[in-house]
Amino acid sequence: MNRREFLAAAAAAPIALRGGSARPLALVTADTEAAVVLVDPFAGRVLRRIATWPDPRSIERVGDTAVVTHTAIGGVTLLRGLAIRHVLRDFDEPRYTSGARDGRHAFVTDSGRRDVAVVDVVHGVVVARLHLGGWPRHVSIDEPGRTLWVALGTEARQVAVVDVTRPAEPRLLRRIRPPFLVHDVGFVPGKRQVWVTSGDRGALAVYDVRSGHVLRRLPAGAPPQHVTFRGGNAYVTSGDDGTVHVQSSSDGRVLATTAVPVGSYNVQGGEGRILTPSLERGTLSVLDGRGRLLRRVQVARSSHDACFV
């Protein structure tokens, strides 16, 4: 399918997000099948497959738009109402996305260009880029929407701290060198703290945002770990171990450990549920706030990331 045929087919059959259901739904990337899959995480059912360009990897909701990165072909797809609205090709290796609080601007890391791009998701254009060096990858924004932390690699020596008070005018503030090689970063809602996970060892570090100093170091599962937050808890995955640790976001205590399919790396929280797709098994595991496994849905051969819509 060429680009013109692909866009025509995608635009021809937009469907409602909830399909008449009051429950939130999830979008899951099917990496090797050039598709994004619509899933009801409460019923554990696959509802629809949406054809995309090849290699859809990360997916993140920004306002009413789902931002999908296609790392291997240097593209970014913008989905709205489950119809493809824009496909952007001015990327080299887009990786992960975090959204501004205005619901309009998305911050997309581009490892190939070694920068973070600011995308206007309404008009489908890149409005700014900020060179960071390294290999920008995982990214997180604070609750007020003023600061980004960007891990500069899968096993990064540094984290870039970026001022996005004016989303279209990002500004590098400083670089932080954690006590281990970094993989993922995540802001704790309601606190001026960031959890930083490791790419080279079983360890976590909790940072104070203002000072940039480590508040505490915590043990973790096999690297790399990924983290999300919900209701006062942190949910830390170890894809190689096949586990999700539920931890207190206040002191890091492990409250529960749940087994999930091996390869469940990325993790997203929201709508009273925790989602973690498996890169190796193609499943979507759905957990409740206590970390109990409620559903395991077979989505595709390989599933990289998921988000709520």
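Gly269 is situated in strand β24. The structure discussed here is a predicted model. Gly269 is among the residues closest to the centre of the largest pocket, a pocket with a volume of about 1,000 Å³.

**The largest pocket**

- The volume of the largest pocket is about 1,000 Å³.
- Its lining comprises 39 residues, of which Glu60, Ser98, Thr228, Gln268 and Gly269 are the closest to the centre.
- At least two lining residues come from each of the strands β4 (56-62), β8 (94-99), β12 (139-141), β16 (182-187), β20 (225-230), β24 (268-270) and β28 (303-308).
- Strand β20 makes the greatest contribution to the lining, supplying five residues.
- Sorted by class, the lining holds 15 polar, 14 nonpolar and ten charged residues.

**Gly269 and its surroundings**

- When residues up to four places away in sequence are left aside, Gly269 is in contact with Thr228, Arg230, Ile274 and Phe308.
- One of these contacts, Thr228, is also listed with Gly269 among the residues closest to the pocket centre.

- The peptide bond that runs from Pro223 to Pro224 is cis, with an omega near -5°.
- Pro224 belongs to the loop that links β19 (214-219) to β20, and β20 is the strand that gives the most residues to the pocket lining.

- Asp55 is not a glycine, yet its phi is positive, at about 60°.
- Asp55 occupies the loop between β3 (45-51) and β4, and β4 is one of the strands that supply at least two residues to the pocket lining.
- Asp55 is classed as buried because its relative accessible area is 14%, and buried means under 20%.
- Arg114, likewise a residue other than glycine, has a positive phi near 60°.
- Arg114 is placed in the loop between β9 (105-110) and β10 (115-120).
- With a relative accessibility of 46%, Arg114 is therefore counted as partly exposed, as exposed residues are those over 50%.

Notes
Residues are numbered from 1 along each chain as its sequence is written. This is a predicted model: local features need pLDDT of at least 70, side-chain atom pairs count only at pLDDT 80 or more; totals for chains, interfaces and linings use all residues. Side-chain values use heavy atoms; hydrogens and water are left out. On a 1 Å grid over the protein atoms alone, a cavity is a set of points where a 1.4 Å probe fits but cannot get out, and a pocket is an open set with protein on both sides within 12 Å along at least five of seven lines; lining residues have an atom within 4 Å of a point. Grid points are joined across faces, edges and corners, and a volume is the space filled by probe spheres set on the points. Helices (H or I, at least four residues) and strands (E, at least two) are DSSP runs, numbered from the N terminus. Ala, Val, Leu, Ile, Met, Phe, Trp, Tyr, Cys and Pro count as nonpolar, Asp, Glu, Lys and Arg as charged, and the others, Gly among them, as polar. Contact means heavy atoms within 4.5 Å. Buried means under 20% relative accessible area, exposed over 50%, partly exposed in between (1.4 Å probe, protein chains only).
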